[in-house]
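I opened my notebook for a first look at this structure. Here is what I looked up, entry by entry.

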Amino acid sequence: MALATPLRHHLPLAAAPAVAPDPATPSLVATRGALPPRWARLRSSLAASPSSEPRPTRSLTPPAAAAAGGRPTVLVTEKLGPLGLDLLRSFANVDCSYELTAEELRAKVSLVDALVVRSGTRVTREVFEAARGRLRVVGRAGVGIDNVDLQAATEAGCLVVNAPTANTVAAAEHTIALLTAMARNVAQADASLKAGKWERSKYVGVTLVGKTLAVMGFGKVGSEVARRAKGLGMDIIAHDPYAAVDRARAIGVDLVSFDEAISTADFISLHMPLTPSTEKLFNDETFAEMKEGVRIINVARGGVVDEEALLRALDNGTVAQAALDVFIEEPPPRDSKLVEHENVTVTPHLGASTTEAQEGVSLEIAEAVIGALRGDLAATAVNAPMVPAEVLSELSPYVVLAEKLGRLVVQLVSGGSGVKVVKVVYSSTRDPDDLDTRILRAMVTKGIVEPISSAFVNIVNADYVAKQRGLQIIEERILLDGSPEVPLDSIEVHLANVESKFAGALSDAGDIKVEGKVKDGSPHLTLVGSFSVDVGLEGNLILCCQVDQPGIIGKVGSILGKMNVNVSFMSVGRTAPGKQAIMAIGVDEEPEKEALKLIGETPFVEEFVFLKL
């Protein structure tokens, strides 16, 4: 056993920039354009029985408030594919109301549990305030989430999910389409010929073979673009502060600095999100650093380009051509000089506009929204811990354990004590970098805060709530010897500098201390203070501190039996024969006051406490 080591914690209050996904991971959308098998099967099942109820799953957080008939209500404000709507309707009441004004949206949002939007609906702080706590999830049917106020969503405890994979191939293919069309002046030549002209010499293009393409943003779409451009004979470089060098090189791409990328490329393709740090990143200064005659493609977000600066760069020849699918204002003004420029090829935000992509996006966002309404942990959440699905599955029973321990330990605090410092200790055989504890920390916080406040805490706002309440969460790790097959051996929760209503729960250091383990998939309490116990954390719990004497277990059990209280588990831990012991009793229901009074009056029982789990 090694010494406990501190862990990095504290999630950002707003969504952190997502780490670029592994470009070597296959896209969920098949490269030939078909839906992946999982969605293809789902499409078939919906067609056969569109009203069938999805299989229920265990919720890891409380479900959203249900509407009439026990079903949640989902508001869809922009057109969604029919398969996604069918899936939503199989689980919830769906209100499709398009082209709502901001005022109309605020009026409706307090009546729904989920909101599904595309890029045209702005989900502002005022929208979350108007929801008055009912809105639990916002689903963005697509990748970009710049039209959703993530900070306000986080503060409101509202999960924001997107559909980051379904339109990957479509966006990459459209990028390549614009790249080749721009290089060979396809759009301009088409318009010229249809106008009755024959201008072969005017529309001489450039070849792509041997040219350098800089991919700015090497996530899912960027890496797919790189793969396809390699097939065209181009040399690919990329800039992305979150991408791994070895993964990029695995597909023949060199990661370089921002300055090197823009100064050496013949073509620049933009695939970065719109954030405060990327807004108008391509401006007069950056255009001046580019190779003269560079060509730019943007199928990402319009706001990353300063459109007036791009127009100046086109006019002075710094940028030879541009191909744009996105704009700061959509649709752009009818008299836009950028749109009308002869050296600019434009399309009306068609990056995800393929039949297959639209079906995939609608199904992906419907699945994410339904999962969030059930209380499942969301792998596509953008304002919550971004944890891979396989990690969520593995940690699921420990998530339940973490919340139960939090709920238990806070009930051991006497009424006048204020909880300020919480230490969570994880015992594991795994290397610290191989164990993601963000969700576990969030659920400990949830367990501690909810029983003593009116706050609703989930994985989205747990860190924010803790910070607002002055609650310091410290995480430590104990590295054990052995095989790392099981992610955790135990979780300990300590409350420092508080008074306990149950002295037996105090550790030698004076902290309230409880420990739990997962056994056969279920959470168990294994330590209270310095006393070892073994009792399932289900239903409710009675802790008795007593002098270790024969017959006490029978007397307490008899009291509960006479009062018709069913005992589910019972365990006794002691320091030594005849000394102090703690009896932990799991009960299905809350005993009547008379039963608790009789337990307290039992000879040799020094103290007891009843805890709701």
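Predicted model: local features only at pLDDT ≥ 70, side-chain atom pairs only at ≥ 80, totals over all residues.

I looked up the strand order and found four strands in an open sheet, arranged β21-β22-β20-β23 with antiparallel pairing. The edges are β21 (567–574) and β23 (605–612), each of which pairs on one side only. From one strand to the next, the twist averages 15°.

How many bridges join β20 to β23? I found seven, linking β20 (residues 540–547) to β23, and the two run antiparallel. Within this pair I noted Leu-543, which stands opposite Val-609 in β23.

**Helices on the sheet.** Next I checked what α18 touches: it packs on the sheet against β20, β21, β22 (580–587) and β23. The direction of α18 makes about 25° with that of β22. Then I turned to α19, which lies across β20 and β23 and runs at about 150° to β23.

**Helix against helix.** I looked at α18 (residues 552–562) and α19 (residues 593–601) together: their axes come within 10 Å and cross at roughly 165°. Angles over 145 degrees count as roughly antiparallel, so α18 is roughly antiparallel to α19. I recorded the crossing as right-handed.

**Who meets whom.** Which residues of α18 meet α19? Val-556, Ile-559 and Leu-560 do, and on the α19 side I listed Ala-595, Leu-598 and Ile-599.

Definitions and conventions. Residues numbered from 1 in each chain as written. Heavy atoms only, no water. Axes fitted to C-alpha atoms, helices over the stretch in contact; angles between N-to-C directions. Parallel < 35°, antiparallel > 145°, perpendicular 65-115°, else oblique. Left-handed = near helix turned anticlockwise from the far one by under 90°. Contact = heavy atoms within 4.5 Å. Pairing = 2+ DSSP bridges.
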